[in-house]
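Please look over the sequence and the model shown here before reading on. The briefing that follows takes up helices, their packing and a few loop residues in turn.

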Amino acid sequence: DGLLAGDHRSSMLGRGSELAQIRAYVPGDDVRLIDWNVTARTRVPHVRTHLAERVLVTWVVLDRTPSMAFGTADRRKDDVALGVALALGHAASVRGNRVGLVAFGGGPGSPQPPRQGRAGLVGVWSALHERGAGIAAELAGALTAVGAAARQRSLVALVSDFRGPLDWQPALLDLAGRHDVLAVEVRDPREGVLEDVGEVWFADSETGERLRVDTSDAGLRARFTRAAAEERAAVEAALGRVGASHVVLSTSGDWLRELAVHLRTLR
C-alpha cells in the first residue's frame with residue numbers, strides 16, 4: 001500500500017525481489033521482465049512477476065491510564081508498557097519503515113505521525129515524556145482516532161492492561177478489518193490472586209472508589225480468583241474474535257524475552 005519499496009512482502013504483485021509466478025507474455029507487459037530461459041524452452045514469450053515490497057507502517061497505541069501505575073513485582077505495569085513501546089518503535093523503524101504513537105489516558109494529546117528510521121524512534125521517545133490528557137480517556141476513543149489517522153494498511157500495536165468495560169470491541173473490530181492488530185497485555189501477579197492480609201482498604205485508581213475487604217475470608221479469596229480469571233478470559237476472547245495477535249507480559253520476570261519470542265512467531 002505504500003509508495004516506497006520496503007522489506008515486507010505485499011499481497012499485491014509489483015516491483016520486488018521475490019518471484020510470484022512466470023506467465024505468458026501479453027501485449028503491454030514490460031519486455032525487460034521477459035524470462036529468456038523459459039521463453040527459449042517453450043518457444044513462447046514468458047515474463048516474471050514478483051511480489052511487491054512495501055514499507056510497513058506501525059502505530060503504537062499506549063495505555064497511560066492510572067491503572068497502569070500499579071505494580072507489586074519487579075516493576076510497574078507502566079514501566080513494562082513504556083519499554084514495550086520503545087522496543088516496538090526500535091523494531092518498527094529499521095530499514096525505512098515508519099512508526100507512530102497514540103496515547104490515551106495521559107501523554108500527548110494528538111497522534112505522533114509515523115516517521116521513518118531514527119527520526120521515528122526519537123519521535124516516539126519524545127512523545128512518551130509529554131504530559132497531557134492523551135488523545136482520549138479510554139481505549140475506545142484511541143482506536144477511533146487511529147482508524148481516522150491510519151490511511152494505509154498498517155500494524156496497530158495495542159499496549160494496555162485492558163482493564164475496565166469492554167466497550168472498545170466495536171472500534172477494534174472496525175480497525176481490525178483494515179489493519180493487522182497486535183495486542184500486548186500487561187499484567188501484575190497480584191491482580192489475579194487475593195492474599196490473606198486481614199482487613200484492608202482497596203481503592204480503584206481510576207474512579208477513586210474505596211472498599212473495605214476482609215481478606216482472611218477463604219471463600220472471598222476463591223471468588224476473587226475465579227472472577228479475575230473470568231475477566232481475563234473475556235478480554236482474551238474479545239481479542240480473539242477480531243483476529244488480533246495476543247501476548248501477555250508480566251511485571252515480574254523478563255518481559256522483553258517473552259515479547260521477542262512472540263514477535264518471531266508473527267513472521
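**Helix α3 and its surroundings**

Helix α3, which runs over residues 117-128 and has twelve residues, reaches 17 Å from its first C-alpha to its last, close to the 16 Å expected at 1.5 Å a residue, where the expected span is 1.5 Å times one less than the number of residues. Helices (H or I, at least four residues) and strands (E, at least two) are DSSP runs numbered from the N terminus. This is a predicted model, in which local features need pLDDT of at least 70 and side-chain atom pairs count only at pLDDT 80 or more, while totals for chains, interfaces and linings use all residues. Residues are numbered from 1 along each chain as its sequence is written, and side-chain values use heavy atoms, with hydrogens and water left out.

**Buried side of α3**

- The buried residues of α3 are Gly117, Gly120, Gly123, Val124, Ala127 and Leu128, buried being under 20% relative accessible area, exposed over 50% and partly exposed in between, with a 1.4 Å probe and protein chains only.
- These residues cover an arc of only 130° around the axis, which puts them on the same side of α3; the arc is that of the directions from the helix axis to the C-beta atoms.
- An α-helix has 3.6 residues a turn, so residues three or four places apart point the same way.
- The cover over the buried residues of α3 includes β3 (57-63), α2 (77-92), β4 (98-104) and β5 (112-116), with contact taken as heavy atoms within 4.5 Å.

**The protein as a whole**

- The protein has seven helices and ten strands, and buried residues make up 39% of its 267 residues.
- Of the contacts in the protein with a separation of 6 or more, 72% are accounted for by residues 24 or more positions apart.

**Helix pairs**

- Two packed helices are described by the angle between their axes and the distance between the axes; here axes are lines fitted to C-alpha atoms, for helices over the stretch in contact, and angles run from 0 to 180 degrees between N-to-C directions.
- The axes of α2 and α3 come within 9 Å and cross at roughly 165°, and the two helices are therefore roughly antiparallel to each other, given that angles under 35 degrees count as roughly parallel, over 145 as roughly antiparallel, 65 to 115 as roughly perpendicular and the rest as oblique.
- The crossing of α2 and α3 is right-handed, a crossing being left-handed if the near helix is turned anticlockwise from the far one by less than a right angle, and right-handed if clockwise.
- In this pair, Leu82, Ala85, Leu86, Gly89 and His90 of α2 make the contact with Leu121, Val124, Trp125 and Leu128 of α3.
- For α2 and α7, the axes come within 11 Å and cross at roughly 40°, which makes α2 oblique to α7.
- The crossing in which α2 passes α7 is right-handed, and Val80, Gly83, Val84, Ala87 and Leu88 in α2 meet Trp255, Leu256, Leu259 and Leu263 in α7.
- The axes of α4 and α5 come within 8 Å and cross at roughly 25°, which makes α4 roughly parallel to α5.
- The crossing of α4 and α5 is left-handed, and its contact is made by Ala140, Leu143, Thr144, Val146 and Gly147 of α4 together with Ala171, Leu172 and Leu175 of α5.

**Two sides of helix α7**

- In helix α7 (residues 255-265), the buried residues are Trp255, Leu259 and His262; seen down the axis of α7, they fall within an arc of 65°, so they line one face of the helix.
- Those buried residues of α7 pack against α2, β7 (180-187) and β10 (245-250), whereas the face of α7 turned away from its buried side carries the exposed residues Arg257 and Arg264.

**Loop residues**

- Arg43, in the loop between α1 (36-42) and β2 (46-54), has a positive phi of about 60° although it is not a glycine, and at 79% relative accessibility Arg43 counts as exposed.
- Phe162 lies in the loop between β6 (155-160) and α5 (169-176); its phi is near 50°, a positive value in a residue other than glycine, and at 2% relative accessibility Phe162 counts as buried.
- Gly134, found in the loop between α3 and α4 (139-149), counts as buried at 12% relative accessibility.
- The C-alpha atoms of Gly134 and Leu62 are separated by 9.6 Å, although these residues are 72 residues apart along the chain.
- Leaving aside its neighbours within four places in sequence, Gly134 is in contact with Ala103, Phe104, Gly105, Gly106, Gly107, Pro108 and Gly109.
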